[in-house]
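Trainee: Could we go through this model together and ask what stands behind each label?

Mentor: Gladly, let's look at it first.

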Amino acid sequence: MQETQASFQTHSACEQCGSSDAKGIYEDGHAYCFACETYFGGNDEESISEGNPFAKIQATDNKEAQALYAQGKAQALKTRGITQETCKHFGYRVGNGKHLAPYRVNGKIVALKTRDADKNFSVVGDGKKLPLFGQHLQSKGKKLFVTEGELDALSLSQALGNRWPVVSVPNGAKSAPEAIRRELEYVMNFESVVFMFDQDAPGLEAAKACADLIEPGKAHVATLPLKDANQMLQEGQLKELVKAAWDAPVYRPDGIVAAKDLYELVASEDRVDSTAYPYDFMNEKTKGMRKGELVTITAGSGMGKSAFVRELAHHLVKEDERVGLLFLEENIKRTLTGLVSIELNKPLHIDREGVKQSDIRTAFNSVFGNGNVFVYDHFGSVSLEHIIAKLRYLAHGEQCSWIIIDHLSIMVSGLDVPDERKAIDVIMTRLRTFVEETGVGMLLVSHLRRPMGDKGFEEGAQVSLNSLRGSHSIGQLSDMVIGLERDQQSDSNETIVRVVKNRFTGATGRAGSLMYNEATGRLETMDAVGF
């Protein structure tokens with residue numbers, strides 16, 4: 001490198017790269033930083049980063065960007081509230097009616113982003129894989145601030161006295177994660193990284209996506225009362241902007257929160273609205289049915305599961321609840337007739353003797369006349385995606401508070417998975433997620449596996465969580481599991497109702513007994529049928 005004629009005076013800190021002593025100051029006023037290779041011209045000439053400290057314009061391989069940048073000059077952006085000093089700090093210029101934002105790599109401008117008065121943007125030079133704007137100013141340190149745009153970077157840096165490293169992503173929120181991933185090695189040179197993006201949905205989502213790329217505990221996401229850093233600057237909210245930058249909380253992925261911030265959650269009393277079961281002994285054990293819970297009802301084959309859930313469905317309808325019914329093992333005539341039979345206390349599917357058409361009409365209107373019941377005519381597809389779509393419609397389109405599915409095995413048969421256990425895992429996870437998202441109360445009928453030993457469930461074997469067919473996920477993902485037990489070979493029609501799992505109160509065990517009344521076709525308590 002050619003020597004200058006001016007004598008060296010002293011070492012100084014470099015405002016471009018932050019080095020404490022790499023900047024050499026000469027007697028004629030010019031200076032040169034040997035760390036970032038920035039030339040500071042004498043007699044108020046602007047600083048220029050390059051390999052040759054005596055050149056008057058930025059060294060670059062792109063002649064068009066070089067010529068355009070040379071025509072510009074650092075000046076205050078008055079309408080934006082940004083000072084000339086800040087523009088000089090970043091090398092941000094204005095020329096020919098355009099803002100010129102240089103993107104540098106190793107001190108060289110690889111591209112120039114331009115912006116005119118009508119907010120038309122263009123890139124002169126190599127616009128592919130741009131670095132972060134302002135990245136050349138400091139390569140490491142305690143804290144790095146990242147904004148969504150160049151003007152926001154200038155605004156935040158100015159609020160911080162142009163003493164802290166502030167950069168911006170090159171192409172806005174949508175490609176921000178890609179830009180951070182590309183420059184991750186640079187970003188990780190800092191002890192902590194604060195993302196201060198626009199306070200709209202794309203900006204907030206992009207900030208989280210960028211923070212996910214950073215080592216846990218290092219990323220912070222700032223929130224602002226206004227749209228972005230430049231608007232804060234224009235509104236004179238400098239203190240608030242600085243506070244937001246320094247007080248930005250450590251980023252935690254969705255679902256992870258600090259317990260110390262949740263006192264109000266604990267202090268507020270939960271209001272749990274329960275709907276009673278039609279049987280008092282069930283309410284004593286479970287404290288009722290609750291929306292947002294998944295209740296699995298299980299029993300051996302032919303044990304009256306469908307009859308039991310029909311009783312629950314009829315009870316919910318009479319309680320003026322909106323109910324969706326997916327009885328996948330029967331046609332909708334059987335489903336509707338079953339509920340009308342309960343209303344009439346007469347099993348119409350077995351015997352209609354003595355029942356007038358007017359009686360059926362009255363019962364039908366009593367159950368369905370308020371428009372609160374919706375049934376699924378499942379002729380055709382029973383695929384999981386198809387059923388989930390129907391469930392969403394019932395929850396959102398028809399505002400159903402309760403959905404009853406009878407039964408799980410039909411859904412398994414509609415899922416193209418060779419392993420039944422895996423299929424059940426997939427279905428139960430989707431149903432659990434659906435219940436959590438919508439707050440709907442769901443009653444799900446499930447079968448039992450074949451028991452070990454001589455006594456089967458059809459002979460009255462006791463139901464446990466291990467009895468559930470196919471997968472442990474049925475028990476794990478259900479809030480409540482209710483088992484029905486009956487000895488089909490006995491002369492008694494008694495069905496024992498057992499609470500196998502109870503996440504709400506923890507109370508489990510035998511709840512009570514029901515008897516099937518052949519005359520009415522109803523499942524009734526022992527007292528109701530004279531036992």
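This is a predicted model: local features need pLDDT of at least 70, side-chain atom pairs count only at pLDDT 80 or more; totals for chains, interfaces and linings use all residues.

Trainee: Why are helices α12 and α13 called roughly perpendicular?

Mentor: Helix α12 (residues 332-344) and helix α13 (residues 357-368) pack at about 105°, with axes 9 Å apart. Angles of 65 to 115 degrees count as roughly perpendicular, so α12 is roughly perpendicular to α13.

Trainee: Which residues make that contact, and how do they divide by class?

Mentor: From α12 come Leu-336, Leu-339, Val-340, Glu-343 and Leu-344, and they meet α13 residues including Ile-360, Phe-364 and Phe-368. The contact of α12 with α13 has nine nonpolar residues, one polar and two charged.

Trainee: What makes α3 and α8 roughly perpendicular?

Mentor: The angle between α3 and helix α8 (residues 238-246) is about 95°, and their axes are 9 Å apart. That value falls in the range of 65 to 115 degrees, and α3 and α8 are therefore roughly perpendicular to each other. Ser-155, Leu-156 and Ala-159 of α3 touch Leu-238, Leu-241, Val-242 and Ala-245 of α8. This contact of α3 with α8 holds six nonpolar residues, one polar and no charged.

Trainee: What makes a space a cavity and not a pocket?

Mentor: In a cavity a 1.4 Å probe fits but cannot get out, whereas a pocket is open. There are two cavities of 30 Å³ or more. The largest cavity has a volume of about 40 Å³, and α15 gives the largest share of its lining, three residues. The second largest cavity, at about 30 Å³, takes at least two lining residues each from β17 (323-327) and α12.

Trainee: And what lines the largest pocket?

Mentor: The largest pocket holds about 510 Å³ of space. Of its 24 lining residues, Arg-115, Phe-121, Gly-149, Glu-150 and Asp-152 lie nearest the centre.

Notes: Residues are numbered from 1 along each chain as its sequence is written. Side-chain values use heavy atoms; hydrogens and water are left out. On a 1 Å grid over the protein atoms alone, a cavity is a set of points where a 1.4 Å probe fits but cannot get out, and a pocket is an open set with protein on both sides within 12 Å along at least five of seven lines; lining residues have an atom within 4 Å of a point. Grid points are joined across faces, edges and corners, and a volume is the space filled by probe spheres set on the points. Axes are lines fitted to C-alpha atoms, for helices over the stretch in contact, and angles run from 0 to 180 degrees between N-to-C directions. Helices (H or I, at least four residues) and strands (E, at least two) are DSSP runs, numbered from the N terminus. Angles under 35 degrees count as roughly parallel, over 145 as roughly antiparallel, 65 to 115 as roughly perpendicular and the rest as oblique. Contact means heavy atoms within 4.5 Å. Ala, Val, Leu, Ile, Met, Phe, Trp, Tyr, Cys and Pro count as nonpolar, Asp, Glu, Lys and Arg as charged, and the others, Gly among them, as polar.
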